[in-house]
Amino acid sequence: MPDPELLTPSTSDWSVQHRPLADVLADHDPADLALAVAVGGDGIGPAGAEALELVGLDATVVQATWEPPSTAGAVTAVPLPPGERAARTVLLVGMGTGSVADLRAAGAALGRAVRGRAALVTTVGAGEPAPLQSALAEGLALGGYTSPRWLSERTSASPAPVQAVALVGSYDGDVVRRSVRRATATMLARNLAVVPSNTKNPAWVAAQARTLGRRHGLDVTVWNERELRAQGFGGLLAVGAASATPPRLVRLDWTPEGAGARPPHVVLVGKGITFDTGGLDIKPAEGMLAMKTDMSGAGIVLSVLAACRDLAVPVRVTGLLALAENAVGAASYRPGDVITHYGGRTVEIGNTDAEGRLVMADALAYADLELQPDVLLDIATLTGAARVALGRSMAPVYATDDAVGEALVRAGEATGELLWPFPLVEDYRPTLDSDVADINHIAGLGGGGGSISAALFLREFAGSRSWAHLDIAGVGRSDVDSGLHTKGGTGFGARLLLHWLEEMR
């Protein structure tokens, strides 16, 4: 059943106030109110000094006493005694060099610092250009996020995000609103990623998609196992064959109001492996621990589609969620099997633990043959090779269209979800040749370039479309709870893709 708490991530009540700071402070109970002040390279500036005066503090004394660092994300808490003061705590927030990345880090640290509080009032970032205000808002929203937990009544829940955020001064309200909405899409993707797989199976994800579709003005179509078989989705059927919960394919459609006869059409494909044992080529035990997040690509696509109406995305967007559980059983598909994908292409199975590309190949082929997209993009926690190559801070992007690849890289730079262009090396394509089928789904012995060969395999199913592939295996999961990330799924790509779509015409 759909879980409304998962599908409505807990967020703060945001407001942009152009009234005097003293009046805004007076709106709140000082007992659980935090006032945040910026600390730059020259210490506390004039705006911060004026804010401190309102709570009875002298900026020079505060600077000398507390020596707050200006390092991006450093937060120094100055508790105030109860009484007639307008706030209970002052937070001195390091702004670093004032770059976009530093503002995002400062926002994230501030969001963490005020978890569980009733209200935050701040002038941090006021008057800055839109990209800096956006970074601050995104960081503040994501830093305040806490992951869902499944606890007994005897266990305390994690502190919730601060209840109310008041930004006081020269802020662009629309920039803040849109930034927070993108961050909320990331939170939704994270929520979906961490649901335990004894709850989260393909049918459960499809149910979430139906609920979100109704809420956000999307048309939703779901293929069940019988329909997948009748229409020839052999990749989804093979990967999901051994599971007690059959595969699903979900299609979500957004069409902007007032669109012309044919607005640009973008199709997003997300890998949705709700749990990955590796199949008969089974993973080691430690390799399975994070596999409930192996559907992160599908969760991101679903979250992006759910945000399209709120952000008035100007192009038509279709999302395809390729959902299956890669289990082990008598019906498991085997190395050496030959399967037939949607559209008729045959594939020899080289390793059952390379299942993600099989379900995505079906969805890509469907998009190419049936949807006629102007741009086709897929996103997946696909290969360990991507993590080895780029670690946890950026993801490879492959593109058959330089303009599309460059636009995605720019969107990544704007949102802090960094991409690095990787080549589609044609010399590697013969390593996918098969003696018994149209193509092998993994590179043969000595192939190497695991992320590249996976991209080359997927390209076979995108036809001649303008196509891009994001391999988020490294960045899609976090082992730590720090900065913008919480432990578990990161939702990497949701903000990037929304920014890219918003800029498209």
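1. Let me begin with a question: does Arg429 count as buried or exposed, and at what relative accessibility? Arg429 counts as buried, at 16% relative accessibility, because the cut-off for buried is under 20%. Please keep in mind that this is a predicted model.

2. Arg429 also has a charged partner: its side chain meets that of Glu460 in a salt bridge, at 2.9 Å from N to O. This pair links distant parts of the chain, 31 residues apart, with Arg429 in the loop between β16 and β17 and Glu460 in the loop between α16 and β18.

3. Another pair to look at is Arg477 with Asp294, a salt bridge whose closest N and O atoms are 3.2 Å apart. Here 183 residues separate the partners: Arg477 sits in strand β19, and Asp294 in the loop between α11 and α12. Both ends are buried, Arg477 with a relative accessible area of 12% and Asp294 with 2%.

4. Arg229 is exposed, with a relative accessible area of 53%, while Glu225 is partly exposed at 32%.

5. The salt bridges come to 26 by count. Some join up into a network, which links Arg104, Glu138, Arg178, Arg182, Glu417, Arg495 and Glu502.

6. Now to the open space. The largest pocket has a volume of about 990 Å³. It is lined by 48 residues, and the closest to its centre are Lys283, Gly287, Met291, Arg387 and Arg477. The elements giving two or more residues to this lining include β10, α11 and α13, and the largest share, 3 residues, comes from α14. By class, the pocket lining has 14 nonpolar, 18 polar and 16 charged residues.

7. Of the 13 residues that line it, Ser12, Leu140, Ala141, Gly144 and Pro161 lie nearest its centre. Helix α6 gives the largest share of that lining, 3 residues. The cavity lining has 8 nonpolar and 5 polar residues, and no charged ones.

Key
Residues are numbered from 1 along each chain as its sequence is written. This is a predicted model: local features need pLDDT of at least 70, side-chain atom pairs count only at pLDDT 80 or more; totals for chains, interfaces and linings use all residues. Side-chain values use heavy atoms; hydrogens and water are left out. On a 1 Å grid over the protein atoms alone, a cavity is a set of points where a 1.4 Å probe fits but cannot get out, and a pocket is an open set with protein on both sides within 12 Å along at least five of seven lines; lining residues have an atom within 4 Å of a point. Grid points are joined across faces, edges and corners, and a volume is the space filled by probe spheres set on the points. Helices (H or I, at least four residues) and strands (E, at least two) are DSSP runs, numbered from the N terminus. Ala, Val, Leu, Ile, Met, Phe, Trp, Tyr, Cys and Pro count as nonpolar, Asp, Glu, Lys and Arg as charged, and the others, Gly among them, as polar. A salt bridge is a side-chain nitrogen of Lys or Arg within 4 Å of a carboxyl oxygen of Asp or Glu. Buried means under 20% relative accessible area, exposed over 50%, partly exposed in between (1.4 Å probe, protein chains only).
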